[in-house]
There are 2 protein chains.
Amino acid sequence: MSGCLFCKIAAGEIPSEEAYADEEVYGFHDISPQAPVHVLLIPRKHIASMNDASEADGALLGKLLLAARKVAAKLGIAEGGYRLVNNCGEDGGQTVHHLHVHLLGGRGLAWPPG
Amino acid sequence: MSGCLFCKIAAGEIPSEEAYADEEVYGFHDISPQAPVHVLLIPRKHIASMNDASEADGALLGKLLLAARKVAAKLGIAEGGYRLVNNCGEDGGQTVHHLHVHLLGGRGLAWPPG
(Lines give C-alpha, C1' and ligand atoms only; values in the text may rest on other atoms or scores of the structure.)
Protein backbone atom coordinates (compact mmCIF):
# COMPACT_ATOMS: atom_id res chain seq x y z
CA MET A 1 0.00 0.00 0.00
CA SER A 2 1.34 3.38 -0.98
CA GLY A 3 2.68 5.21 2.04
CA CYS A 4 2.90 2.15 4.29
CA LEU A 5 6.27 1.89 6.04
CA PHE A 6 6.27 -1.90 6.19
CA CYS A 7 5.18 -2.29 2.56
CA LYS A 8 8.20 -0.17 1.65
CA ILE A 9 10.50 -2.25 3.87
CA ALA A 10 9.19 -5.50 2.34
CA ALA A 11 9.78 -4.06 -1.12
CA GLY A 12 13.32 -3.00 -0.25
CA GLU A 13 12.48 0.67 -0.76
CA ILE A 14 13.44 1.39 2.84
CA PRO A 15 16.48 -0.48 4.16
CA SER A 16 16.18 -3.06 6.93
CA GLU A 17 18.33 -5.77 8.47
CA GLU A 18 16.90 -8.88 6.88
CA ALA A 19 16.23 -11.93 9.04
CA TYR A 20 13.91 -13.92 6.76
CA ALA A 21 12.52 -13.72 3.25
CA ASP A 22 10.26 -15.84 1.08
CA GLU A 23 7.63 -15.05 -1.52
CA GLU A 24 4.94 -14.15 1.00
CA VAL A 25 6.73 -13.23 4.23
CA TYR A 26 9.54 -10.83 5.09
CA GLY A 27 11.37 -10.66 8.41
CA PHE A 28 13.71 -8.00 9.75
CA HIS A 29 15.32 -6.95 13.00
CA ASP A 30 13.36 -4.38 15.03
CA ILE A 31 15.17 -1.05 15.15
CA SER A 32 14.15 -0.68 18.81
CA PRO A 33 14.85 -4.19 20.15
CA GLN A 34 13.25 -5.20 23.45
CA ALA A 35 15.28 -8.40 23.80
CA PRO A 36 18.61 -9.76 22.48
CA VAL A 37 16.63 -11.18 19.56
CA HIS A 38 13.72 -9.05 18.33
CA VAL A 39 12.56 -9.69 14.78
CA LEU A 40 9.38 -8.58 13.01
CA LEU A 41 7.64 -10.92 10.57
CA ILE A 42 5.30 -9.28 8.08
CA PRO A 43 3.20 -10.47 5.16
CA ARG A 44 4.27 -8.85 1.90
CA LYS A 45 0.57 -8.34 1.27
CA HIS A 46 -0.79 -5.28 3.02
CA ILE A 47 -3.13 -6.23 5.86
CA ALA A 48 -3.64 -3.34 8.27
CA SER A 49 -4.18 -5.40 11.41
CA MET A 50 -5.48 -8.71 12.71
CA ASN A 51 -8.96 -7.16 12.64
CA ASP A 52 -8.54 -6.76 8.88
CA ALA A 53 -7.39 -10.33 8.19
CA SER A 54 -9.97 -12.38 6.31
CA GLU A 55 -10.67 -16.11 6.39
CA ALA A 56 -8.74 -16.30 3.11
CA ASP A 57 -5.67 -14.95 4.92
CA GLY A 58 -5.58 -17.91 7.33
CA ALA A 59 -2.83 -19.82 5.53
CA LEU A 60 -0.75 -16.64 5.25
CA LEU A 61 -1.12 -15.98 8.99
CA GLY A 62 0.06 -19.51 9.66
CA LYS A 63 3.09 -18.90 7.44
CA LEU A 64 3.97 -15.85 9.52
CA LEU A 65 4.11 -17.99 12.66
CA LEU A 66 6.07 -20.76 10.92
CA ALA A 67 8.51 -18.16 9.60
CA ALA A 68 8.99 -16.88 13.16
CA ARG A 69 9.75 -20.42 14.29
CA LYS A 70 12.34 -20.76 11.53
CA VAL A 71 14.00 -17.47 12.46
CA ALA A 72 14.11 -18.58 16.10
CA ALA A 73 15.95 -21.74 15.04
CA LYS A 74 18.31 -19.85 12.74
CA LEU A 75 19.20 -17.33 15.43
CA GLY A 76 19.76 -20.00 18.07
CA ILE A 77 16.87 -19.24 20.44
CA ALA A 78 14.51 -22.10 19.57
CA GLU A 79 15.74 -24.35 22.35
CA GLY A 80 15.91 -21.63 25.00
CA GLY A 81 12.49 -20.33 24.06
CA TYR A 82 10.83 -17.22 22.72
CA ARG A 83 7.61 -15.21 22.68
CA LEU A 84 5.52 -14.27 19.63
CA VAL A 85 3.37 -11.14 19.91
CA ASN A 86 0.83 -9.46 17.66
CA ASN A 87 -0.51 -6.06 18.65
CA CYS A 88 -3.87 -4.98 17.28
CA GLY A 89 -5.23 -1.49 17.73
CA GLU A 90 -4.63 1.07 20.45
CA ASP A 91 -4.99 -1.14 23.53
CA GLY A 92 -2.69 -3.67 21.90
CA GLY A 93 -0.06 -1.00 21.33
CA GLN A 94 -0.02 -1.32 17.54
CA THR A 95 2.10 1.50 16.11
CA VAL A 96 2.53 0.49 12.45
CA HIS A 97 -0.69 -0.34 10.66
CA HIS A 98 0.60 -3.28 8.67
CA LEU A 99 0.04 -6.56 10.49
CA HIS A 100 3.23 -7.93 12.07
CA VAL A 101 4.38 -10.57 14.52
CA HIS A 102 7.14 -9.79 17.01
CA LEU A 103 9.60 -12.59 17.79
CA LEU A 104 11.40 -11.92 21.07
CA GLY A 105 13.98 -14.12 22.74
CA GLY A 106 17.46 -14.42 24.15
CA ARG A 107 16.26 -13.50 27.64
CA GLY A 108 13.46 -14.67 29.94
CA LEU A 109 10.21 -12.90 29.07
CA ALA A 110 8.16 -11.80 32.09
CA TRP A 111 4.45 -12.28 32.76
CA PRO A 112 2.07 -10.58 32.18
CA PRO A 113 3.08 -9.73 28.62
CA GLY A 114 2.59 -5.99 28.99
CA MET B 1 -2.48 -36.61 24.16
CA SER B 2 -3.01 -38.65 27.28
CA GLY B 3 -2.19 -36.61 30.36
CA CYS B 4 -2.22 -33.25 28.60
CA LEU B 5 -4.25 -30.66 30.53
CA PHE B 6 -5.33 -28.74 27.43
CA CYS B 7 -6.25 -31.88 25.49
CA LYS B 8 -8.56 -32.74 28.39
CA ILE B 9 -10.03 -29.24 28.42
CA ALA B 10 -10.65 -29.34 24.66
CA ALA B 11 -12.33 -32.72 25.06
CA GLY B 12 -14.53 -31.42 27.89
CA GLU B 13 -12.98 -33.86 30.37
CA ILE B 14 -11.87 -30.93 32.52
CA PRO B 15 -14.33 -28.04 32.79
CA SER B 16 -13.53 -24.61 31.38
CA GLU B 17 -15.40 -21.41 30.62
CA GLU B 18 -15.90 -21.68 26.86
CA ALA B 19 -15.23 -18.64 24.69
CA TYR B 20 -14.99 -20.29 21.26
CA ALA B 21 -15.43 -23.70 19.70
CA ASP B 22 -15.22 -25.18 16.22
CA GLU B 23 -14.01 -28.48 14.84
CA GLU B 24 -10.33 -27.62 15.07
CA VAL B 25 -10.02 -24.87 17.66
CA TYR B 26 -11.22 -24.44 21.23
CA GLY B 27 -11.13 -21.21 23.25
CA PHE B 28 -11.64 -20.67 26.97
CA HIS B 29 -11.13 -18.01 29.59
CA ASP B 30 -7.78 -18.12 31.40
CA ILE B 31 -8.21 -19.07 35.05
CA SER B 32 -5.54 -16.51 35.98
CA PRO B 33 -6.53 -13.54 33.82
CA GLN B 34 -3.96 -10.81 33.23
CA ALA B 35 -6.43 -8.39 31.65
CA PRO B 36 -10.22 -7.83 31.70
CA VAL B 37 -10.38 -10.18 28.69
CA HIS B 38 -7.92 -13.08 28.71
CA VAL B 39 -8.81 -16.05 26.55
CA LEU B 40 -6.69 -18.99 25.43
CA LEU B 41 -7.09 -20.43 21.93
CA ILE B 42 -5.83 -23.97 21.43
CA PRO B 43 -5.82 -26.44 18.56
CA ARG B 44 -7.76 -29.60 19.42
CA LYS B 45 -4.83 -31.47 17.90
CA HIS B 46 -1.97 -31.87 20.34
CA ILE B 47 1.02 -29.77 19.31
CA ALA B 48 3.45 -29.31 22.20
CA SER B 49 4.76 -25.89 21.20
CA MET B 50 5.46 -23.64 18.24
CA ASN B 51 8.78 -25.47 17.85
CA ASP B 52 6.78 -28.65 17.25
CA ALA B 53 4.43 -27.19 14.62
CA SER B 54 5.09 -28.54 11.12
CA GLU B 55 4.57 -26.91 7.75
CA ALA B 56 1.37 -28.96 7.49
CA ASP B 57 0.07 -27.17 10.60
CA GLY B 58 0.25 -23.76 8.92
CA ALA B 59 -3.46 -23.51 8.11
CA LEU B 60 -4.36 -24.63 11.63
CA LEU B 61 -2.09 -21.96 13.13
CA GLY B 62 -3.81 -19.37 10.98
CA LYS B 63 -7.18 -20.58 12.22
CA LEU B 64 -6.02 -20.06 15.81
CA LEU B 65 -5.30 -16.41 15.05
CA LEU B 66 -8.57 -15.94 13.16
CA ALA B 67 -10.44 -17.54 16.06
CA ALA B 68 -8.78 -15.05 18.43
CA ARG B 69 -9.95 -12.21 16.19
CA LYS B 70 -13.50 -13.56 16.30
CA VAL B 71 -13.45 -13.86 20.09
CA ALA B 72 -12.15 -10.29 20.34
CA ALA B 73 -15.11 -9.11 18.26
CA LYS B 74 -17.60 -11.20 20.23
CA LEU B 75 -16.31 -9.90 23.57
CA GLY B 76 -16.33 -6.28 22.41
CA ILE B 77 -12.59 -5.54 22.40
CA ALA B 78 -11.90 -5.62 18.65
CA GLU B 79 -12.26 -1.88 18.20
CA GLY B 80 -10.35 -0.93 21.36
CA GLY B 81 -7.56 -3.36 20.54
CA TYR B 82 -5.88 -6.42 21.93
CA ARG B 83 -2.64 -8.39 22.06
CA LEU B 84 -2.05 -11.97 20.92
CA VAL B 85 0.78 -13.88 22.58
CA ASN B 86 2.33 -17.29 22.08
CA ASN B 87 4.94 -18.49 24.56
CA CYS B 88 7.38 -21.15 23.47
CA GLY B 89 9.79 -22.82 25.84
CA GLU B 90 11.34 -21.62 29.06
CA ASP B 91 12.43 -18.12 28.01
CA GLY B 92 8.99 -17.59 26.50
CA GLY B 93 7.35 -18.55 29.79
CA GLN B 94 5.43 -21.52 28.40
CA THR B 95 3.83 -23.40 31.30
CA VAL B 96 1.45 -25.82 29.54
CA HIS B 97 3.01 -27.87 26.78
CA HIS B 98 0.12 -27.73 24.37
CA LEU B 99 0.48 -24.84 21.93
CA HIS B 100 -1.84 -21.92 22.80
CA VAL B 101 -2.42 -18.30 21.88
CA HIS B 102 -3.31 -15.80 24.59
CA LEU B 103 -5.81 -13.07 23.67
CA LEU B 104 -5.55 -10.14 26.07
CA GLY B 105 -7.57 -6.93 25.98
CA GLY B 106 -9.88 -4.58 27.79
CA ARG B 107 -6.95 -2.49 29.04
CA GLY B 108 -3.91 -0.88 27.47
CA LEU B 109 -1.09 -3.41 27.12
CA ALA B 110 2.36 -2.04 27.99
CA TRP B 111 5.62 -2.37 26.05
CA PRO B 112 7.81 -4.39 26.16
CA PRO B 113 5.56 -7.42 26.25
CA GLY B 114 7.27 -9.02 29.22
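The following questions and answers go through some features of this predicted model.

Trainee: At what angle do helix α2 of chain A and helix α2 of chain B pack?

Mentor: Both helices span residues 58-74 in their chains, and their axes are 7 Å apart. Angles from 65 to 115 degrees count as roughly perpendicular, so α2(A) is roughly perpendicular to α2(B). The angle itself is about 105 degrees.

Trainee: How many nonpolar, polar and charged residues does the contact of α2(A) with α2(B) have?

Mentor: On the side of α2(A), the contact is made by G58(A), L61(A), G62(A), L65(A) and L66(A). On the side of α2(B), G58(B), L61(B), G62(B), L65(B) and L66(B) take part. Gly counts as polar and Leu as nonpolar. By class, the contact has six nonpolar, four polar and no charged residues.

Trainee: What is the volume of the largest cavity?

Mentor: Rolling a probe the size of a water molecule over the atoms shows where empty space is left. The count comes to one cavity of 30 Å³ or more. The volume of the largest cavity is about 80 Å³.

Trainee: Which elements give two or more residues to the lining of the largest cavity?

Mentor: The lining includes L84(A), V85(A) and N86(A), along with L84(B), V85(B) and N86(B). M50(A), L65(A), V101(A), L65(B) and V101(B) also line the cavity. By class, the lining divides into nine nonpolar, two polar and no charged residues. The elements asked for are β4 (82-88) of chain A and β4 (82-88) of chain B.

Trainee: How many residues apart in sequence are the parts that the pair of F6(B) and F28(B) ties together?

Mentor: A search of the whole structure finds four aromatic pairs over all chains. One of them joins F6(B) and F28(B), with 5.4 Å centre to centre and 80 degrees between the planes. Planes over 60 degrees apart count as edge-to-face, so this pair is edge-to-face. F6(B) lies in helix α1 (residues 5-10) of chain B and F28(B) in strand β2 (residues 25-29) of chain B, so the parts tied together are 22 residues apart in sequence.

Trainee: Where does P112(A) lie?

Mentor: The peptide bond from W111(A) to P112(A) is cis, with omega near 5 degrees. In chain B, the bond from W111(B) to P112(B) is cis, also with omega near 5 degrees. P112(B) is in the segment after β5 (101-105) of chain B. P112(A) lies in the segment after β5 (101-105) of chain A.

Technical notes. Residues numbered from 1 in each chain as written. Chains lettered and ligands numbered in written order. Predicted model: local features only at pLDDT ≥ 70, side-chain atom pairs only at ≥ 80, totals over all residues. Heavy atoms only, no water. Axes fitted to C-alpha atoms, helices over the stretch in contact; angles between N-to-C directions. Helix = DSSP H or I, 4+ residues; strand = E, 2+ residues; numbered from the N terminus. Parallel < 35°, antiparallel > 145°, perpendicular 65-115°, else oblique. Contact = heavy atoms within 4.5 Å. 1 Å grid on protein atoms, 1.4 Å probe; cavity = no way out; pocket = protein on both sides within 12 Å on 5 of 7 lines; lining within 4 Å. Points joined across faces, edges and corners; volume = space filled by probe spheres on them. Phe/Tyr/Trp six-rings, centres within 6.5 Å; stacked < 30°, edge-to-face > 60°.
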